[in-house]
Amino acid sequence: MPNLLITGGAGFIGANFVRYWNEKYPNDSLVILDALTYSGNMANLSGLTDFSFFRGDIRDTSLVERLLHDHEVDTIVHFAAESHVDRSINGPDAFIETNLSGTHSLLKAAKSVWLDKGSGKPHRFHHISTDEVYGSLGPNDPPFSETTAYAPNSPYSASKAGSDHIVRAYHHTFGLQTTTTNCSNNYGPYQFPEKLIPLFIINCLTGKDLPIYGDGMNVRDWLHVEDHCRGIDLVLEKGRIGETYNVGGGAELPNVAVIDAICAGVDAAFEHDSQLGRRFPDAPAARGKKSEFLKTHIADRLGHDRRYAIDERKIREELGYEPVRTFEQGFQETLGWYLANEDWWRATMDGSYLKWMASNYSERARRT
Ligand code: NAD
Ligand code: DAU
């Protein structure tokens with residue numbers, strides 16, 4: 001019966017992973033360590049009781065050592081990070097501190113408890129990383145495989161690339177039992193509304209502009225968060241120690257196609273449910289108008305990667321991974337979740353959120 005320490009378990013993917021694991025393995029012990037930064041939210045764990053929660057920083061090595069020791073943790077699943085590319089452009093320091101130094105602190109604690117003072121019995125340090133470490137693809141380039149050379153372009157992706165290398169070094173040099181997954185763009189419930197899909201759903205509902213960076217032809221591979229969790233589960237169960245695995249959703253789409261799907265999905269939801277017009281009177285769809293009229297092209301993200309795509313043959317062939325949702329299914333479920341959980345997303349849009357949004361988007365307006 002594994003005892004897991006989940007870092008960043010109150011964030012978007014971490015909380016979905018806690019829910020996934022709790023349902024599938026109800027007898028396992030789950031310890032969550034999360035600093036509750038702007039994107040961490042205890043409401044993401046609402047309805048769950050079967051976990052121990054510690055508010056703290058992954059850079060606090062002695063706290064992590066204590067948690068590993070006291071809870072007899074044998075598996076770390078490391079999600080905690082600064083995760084938003086735009087914020088890394090406006091303020092890179094936190095990204096270096098959490099993603100790079102924080103991951104190193106965790107590795108030091110794991111080495112100390114499991115290898116230096118411990119028995120060295122089977123353990124696992126699983127590191128969650130991103131496809132952005134591989135850089136940007138041209139339209140005809142082959143998708144990223146695990147052997148693609150690293151070429152990170154943003155402070156965010158550079159900090160994640162650095163963390164991947166430190167994880168690799170702790171395996172190679174000290175024998176720490178590590179695995180890493182590099183996944184594509186996640187979407188689903190509890191995603192903080194600064195990322196494309198939740199932000200644009202909410203803007204359609206509240207009648208705000210849909211700010212499309214540049215020409216909107218950047219391509220991402222969309223992965224439903226629950227499919228991602230299944231991929232992590234497979235790697236924890238059967239992944240080879242020291243290896244990395246790419247996880248994708250099999251849904252490569254230009255941003256404009258995703259945005260059109262959001263607009264059409266919101267419009268259709270209003271047609272089917274007359275209550276929505278009363279709940280969201282500022283939505284164009286409440287007045288029988290199309291959400292697509294909210295689309296506005298604004299100045300591009302600095303250094304904006306053009307295309308990401310995942311070659312997932314390794315995880316499919318070695319571990320039997322396959323995403324179970326199409327983007328259409330996953331998006332409909334996600335839209336349904338945001339329509340049903342207005343209280344959740346309104347509560348996330350506090351003063352500091354509004355301040356960040358204003359500075360991010362007004363800076364672009366100046367450059368347009
Ligand atoms: P998120 O921003 O929603 O959550 C991050 C969580 O980490 C929050 O709960 C936050 O409070 C916590 N945290 C931040 N700094 C911390 C610190 N110093 N100590 C302890 N906790 C801290 O991010 P997410 O989208 O859930 O991403 C989770 C992981 O997955 C990250 O490592 C990210 O790089 C990676 N990833 C995300 C995506 C995506 O599409 N969202 C895709 C690929 C990889
Ligand atoms: O590829 C994996 C990465 O996916 C993760 O490592 C990151 O943590 C995660 O944030 C995500 O990064 P992106 O930059 O791809 O996601 P984001 O939702 O910020 O943007 C998706 C695309 O939409 C991107 O091309 C930028 C564009 N975009 C985004 C926002 C927020 C817009 O056009 N307008 C917007 O307002």
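This is a predicted model: local features need pLDDT of at least 70, side-chain atom pairs count only at pLDDT 80 or more; totals for chains, interfaces and linings use all residues.
Local features need pLDDT of at least 70 and side-chain atom pairs pLDDT 80 or more, while totals for chains, interfaces and linings use all residues. Residues are numbered from 1 along each chain as written, chains are lettered from A and ligands numbered from 1 in written order, and side-chain values use heavy atoms, without hydrogens and water.

**Ligand 1**

The shell around ligand 1 holds 28 residues, counted when a heavy atom lies within 4 Å of the ligand. D34, S39, S83, Y156 and K160 are the closest. By class, twelve are nonpolar, 13 polar and three charged (nonpolar: Ala, Val, Leu, Ile, Met, Phe, Trp, Tyr, Cys and Pro; charged: Asp, Glu, Lys and Arg; polar: the others, Gly among them). β5 gives the largest share, three residues.

Polar contacts, pairs of N or O atoms within 3.5 Å, include these:

| Residue atom | Ligand 1 atom | Distance |
|---|---|---|
| D34, polar side-chain atom | oxygen | 2.6 Å |
| A35, polar backbone atom | nitrogen | 3.0 Å |
| F79, backbone N or O | oxygen | 3.0 Å |

Of the 830 Å² of accessible area that ligand 1 has on its own, the protein covers 96% (Shrake-Rupley method, 1.4 Å probe).

**Positive phi**

Most residues other than glycine have a negative phi. L36 has a phi near 50°, and Y190 one of about 70°. Both are buried (under 20% relative accessible area, 1.4 Å probe, protein chains only): L36 has 18% and Y190 12%.

Methods. Buried means under 20% relative accessible area, exposed over 50%, partly exposed in between (1.4 Å probe, protein chains only). A polar contact is a pair of N or O atoms within 3.5 Å; within protein, one must be able to donate a hydrogen and the other to accept it, and residues adjacent in sequence count only if both atoms are side-chain atoms. Helices (H or I, at least four residues) and strands (E, at least two) are DSSP runs, numbered from the N terminus.
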